[in-house]
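Keep the structure open beside you as you read.

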Amino acid sequence: MKTLPAKIDNNGSWVAANIQIDEKVIHLPEPLTTDIPLKSIDDLQQRKNILELSVKGKEGPSYRIASVPKALTILKKVILMGCSGYRLMAYFMSPAIKGGVMVKDATWEKGAIVVLKSRIWFVGQNSQICLPIMDVSAIEKTTRDVQGKKTEVVKIDHVETGEVTTSFVLCPPTTLEVLFNYLADATKDISMDQELDPVSAQVAMLVYSGMDTHAIENMLDKSNPEIEAIYDKMMKLGMVEVVLTRREVKLTTKGVRFVTEAVKPPEI
């Protein structure tokens, strides 16, 4: 059993404690004095130096543990390899592509993919990478060149800080189909169940390509109210979010007076 220095959240107050963990249970000392079976944990997320654990049958984080990065790395690995999520030993490459550009020095890493209630984790010897399921934009099977041979892999696209990031998972063909089906099922709630009209679909493509609203209006020969109406529809579908609100203004009397004075020819 390992002992890790940490702080545990006790009804909003952080209490210093040495927590103990083995392959089956996490023991939280006083004032919580509780054992958390790893098999009861169905979700895990990290916010800076805080781990939030959720257990079966309860919504939201049930326990919050803060510690230094090295201790959190040990804790995460033990939890992810023993919790109740879908887990498969595999090779992964994450991130492989960011914003359409291949990531320099991206390599296959041996480890596991763990699918929890709201997150997909890649766990390797040197990295622990988390993809929120709500940020996954596409999952598909494709082929990659692996050691000079075309090999079928699972491709996962997710949106990270506004750009699409791609990860690949490589595993034996017999389990690849199972993994793909599980991931597709885990992300089905965020799939589009409504089709967009052709103009709205063009707007979505232009936003994806990086165009701003003014450029989209010119490209599609649409007025600002027309594009705004399309944005409203896409917001209701959860497809877009507002990142900037532009303002149109007109001069007041004081502003007009300033401009009038400014353009007067100098007195001689």
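What follows covers a sheet, a hairpin and a few ring contacts.

Please keep in mind that this is a predicted model.

**The sheet and its helix**

Let's begin with the open sheet, where seven strands follow the order β4-β3-β2-β1-β7-β6-β5 with antiparallel pairing. At the edges you will find β4 (34–37) and β5 (41–47); each has a single partner strand, so one side of each is left without a neighbour in the sheet. On average, neighbouring strands here are turned by 30° against each other, direction ignored.

Now move to strand β11 (residues 119–124) and strand β12 (residues 128–132), an antiparallel pair joined by five bridges. Three residues lie between β11 and β12, and the two strands form a hairpin. Within it, I120 stands opposite L131 in β12.

**Aromatic rings**

How many aromatic pairs does a search of the whole structure find? It finds two. A pair of this kind is described by the distance of the centres and the angle of the planes, and the table gives both values.

| Pair | Centre distance | Plane angle |
|---|---|---|
| Y86 and Y182 | 4.2 Å | 15° |
| F92 and F122 | 5.0 Å | 20° |

Planes under 30 degrees apart count as stacked, so the Y86 and Y182 pair is stacked with its planes at 15°, and the F92 and F122 pair is stacked with its planes at 20°.

The tyrosine pair links distant parts of the chain: Y86 belongs to strand β8 (residues 86–98) and Y182 to helix α2 (residues 173–186), 96 residues apart. Are these two tyrosines buried or exposed? Y86 is buried, with a relative accessible area of 17%, while Y182 is partly exposed at 35%.

The phenylalanine pair also links distant parts of the chain, with F92 in strand β8 and F122 in strand β11, 30 residues apart. F92 is buried, with a relative accessible area of 2%, and F122 counts as buried at 0%.

How values were computed: Residues are numbered from 1 along each chain as its sequence is written. This is a predicted model: local features need pLDDT of at least 70, side-chain atom pairs count only at pLDDT 80 or more; totals for chains, interfaces and linings use all residues. Side-chain values use heavy atoms; hydrogens and water are left out. Two strands pair if DSSP finds at least two bridges between them. Helices (H or I, at least four residues) and strands (E, at least two) are DSSP runs, numbered from the N terminus. Axes are lines fitted to C-alpha atoms, for helices over the stretch in contact, and angles run from 0 to 180 degrees between N-to-C directions. Rings of Phe, Tyr and Trp (its six-membered ring) pair if their centres lie within 6.5 Å; planes under 30 degrees apart count as stacked, over 60 as edge-to-face and the rest as tilted. Buried means under 20% relative accessible area, exposed over 50%, partly exposed in between (1.4 Å probe, protein chains only).
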